[in-house]
Every structure is written in C-alpha cells, then in structure tokens.
Amino acid sequence: MTNYRYRMPTVFGPSCGPRSGPEGRRFDYSNSSRTVASVTFLTDEKMLAGLLPKRFVLAGEPRVTVEWTALRDLEWLAGRGYHMLGIKYQAQFNGQHDVARGPFLSVLWEDRPEPIITGREELGFAKLYCELPEPRDEADRKTIEASWDGHTFLRMHLKDLEESTPPAPPAPAAAGAPIAGMLHHRYLPRVSCPGEADIEQAVVTPAGGYEVSYQSYRTGRGRVEFVPTRWEQMPTMYHIVNALAALPVLQIEGAVWFESTGSKDLHDQRVLS
C-alpha cells in the first residue's frame, strides 16, 4: 500500500510531511524528545460546555488544561523542531455508531507553518499560528508567553516544581468501553457558501500505540492568564482568546513540567461517526 500523500499544490507530485518522507517512507518517532509544561484549572461547567461542538458533552469535572510543548530533533523536519500551545478539556463524543472519550483539543497554536498545514489537512487538528518562545527561567519560576504580531495573549507561570512520579501507562480499555483518545472537530468550509461546510466531522487520535520514557517529571504550582484582546490586535483570532479569557479560574489544580521521549506519527487517526 502506497504511503504517498498529496496536498496543494498537487501538480508537483506527492508531499513530504510527518507521516510520509522521501519515497513515501515513514519516520521513527520512538526517540523523539519533548518538553511539556501545563497548568490545569477548574472553571464554570456551563461556560465550558458552550465551547464544545455538536454531539460532544463534558466528561467529568470542568477542568481546562493549558499545555505548552517543545518538540525537538524531528526526523521529518530534518532535525528541526517547533513549539505548541494546546487548550484541552475532558469530553465525550456521542455519535450514531461511535462513542469516544478523552481530552478535546479545542485549539492548538504552533510556531511553524509545516505542522499547521499537515495537521489541519491530514488529521483534523484545530491548528493556528502564533509566536511561542522558550520559557523564561526566573529564580524558582518558569514563565511562558504566547503572542501574535507583538501582542501577548497568554501568560503562564509554573513555580515550586519538585520531582514527582510520572503517570502510569493507560490500562487497556474494557470491552464495550468508549474509544479512548484525544478528540477533535474537523471543519472545512464550502467554497463561496458562507456558513456551510464541505466537511464537518469528529476525529479521534487513539490513545497508546507508543512507549513514553520520562527523563524528568515535576509538579508544582501554576497560574495562567488569557489577555482580553481587541480585533485590531488579533484580527482573525481575538474571538478565540476572548472566549478563553472569559472562563473563570475557580481553582488552580496544579502545574506539571516534564521531559520525555517517544511518540507516534498519528497514522492511526480516524473519523468518528
């Protein structure tokens, strides 16, 4: 079975990307390294439920996780890397044939165009662009910021980080249990038909399929702030930032900082129905 993948412009032949290299070969992600920083907070259930697509419902407590990630030495980028900022909360998709449960990735900002294009088109990730510099170390505190064209729209702080026990690998799902994985809402607009979609579907990144090795895992205290933003400051994304800024931070549930290796190329991404 061919592993060639096509993206616009197709007239030049198949495209390389995270799941298809030269001559269609796949890449090895078993030793890919990442650094992850996250802060989780409890928010208003009704407001958070309003940030879910149709046929999705919240699963469990209304917790929001803001997660910054640095990916390094990626084979598919010939040794380059990039940074990500994702906003997740636990949800369940109730379809006609499938039921799936896991973190719903509402938006994922990245600072390189290549993973944004491939992730949106091939996987259905809700990816956008912003600037995501390395965290600043200030005494016992790490500070992470996200900005667009000079406007900082997010600040996240982690402090008092101490070594902790990494999470155990997820247990195999019981028979009849919902599909476990990260949930997405894929939407492609119809040309010249405002408000209409060519494709609108739920997608899941199935859990597991690779081994994670932790070099360091620390937990501590955190704080996160989305900065209310005007249209003039972020003309195409101000509504996203303001919706997140409107979520009340009722309780901070902790911060996590870890370094690990191991990932997968997401060949197993699938559409839910």
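Two residues are in contact when they have heavy atoms within 4.5 Å of each other. Keep that in mind while looking at this predicted model: of the contacts in the protein chain with a separation of 6 or more, 64% are between residues 24 or more positions apart.

Now for the overall build. The protein chain has three helices and 14 strands. Its radius of gyration is 19 Å, close to the 19 Å that the globule rule gives for 273 residues, so the chain is as compact as a globular protein of that length. Along the principal axes, the C-alpha atoms fill a box of roughly 50 × 50 × 40 Å. Of the 273 residues, 43% count as buried. The accessible surface comes to about 14600 Å², and carbon and sulfur atoms hold 52% of that. As for charge, there are 30 positive and 34 negative side chains, with the centres of the two sets 3 Å apart.

Next, have a look at strands E7 (residues 136-138), E8 (residues 141-148) and E9 (residues 151-163). E7 and E8 run antiparallel, and so do E8 and E9. Here are the two pairings:

| Strand pair | Bridges |
|---|---|
| E7 and E8 | three bridges |
| E8 and E9 | eight bridges |

Each pair makes a hairpin. Between E7 and E8 there are two residues, and Ala139 takes a positive phi near 60 degrees. Glu138 sits opposite Arg141 in E8. The hairpin of E8 and E9 also has two residues between its strands, and Asp149 in the turn has a positive phi of about 50 degrees. There, Ser147 has Thr152 in E9 as its bridge partner.

Terms used:
Residues numbered from 1 in each chain as written. Predicted model: local features only at pLDDT ≥ 70, side-chain atom pairs only at ≥ 80, totals over all residues. Heavy atoms only, no water. Helix = DSSP H or I, 4+ residues; strand = E, 2+ residues; numbered from the N terminus. Rg over C-alpha atoms; globule rule 2.2 N^0.38 Å. Buried < 20%, exposed > 50% of the residue type's maximum accessible area, 1.4 Å probe, protein only. Areas by Shrake-Rupley, 256 points an atom, 1.4 Å probe, with all protein chains shown as cover. Lys, Arg positive; Asp, Glu negative; His and termini not counted. Charge placed at Lys NZ, Arg CZ, Asp CG, Glu CD. Pairing = 2+ DSSP bridges.
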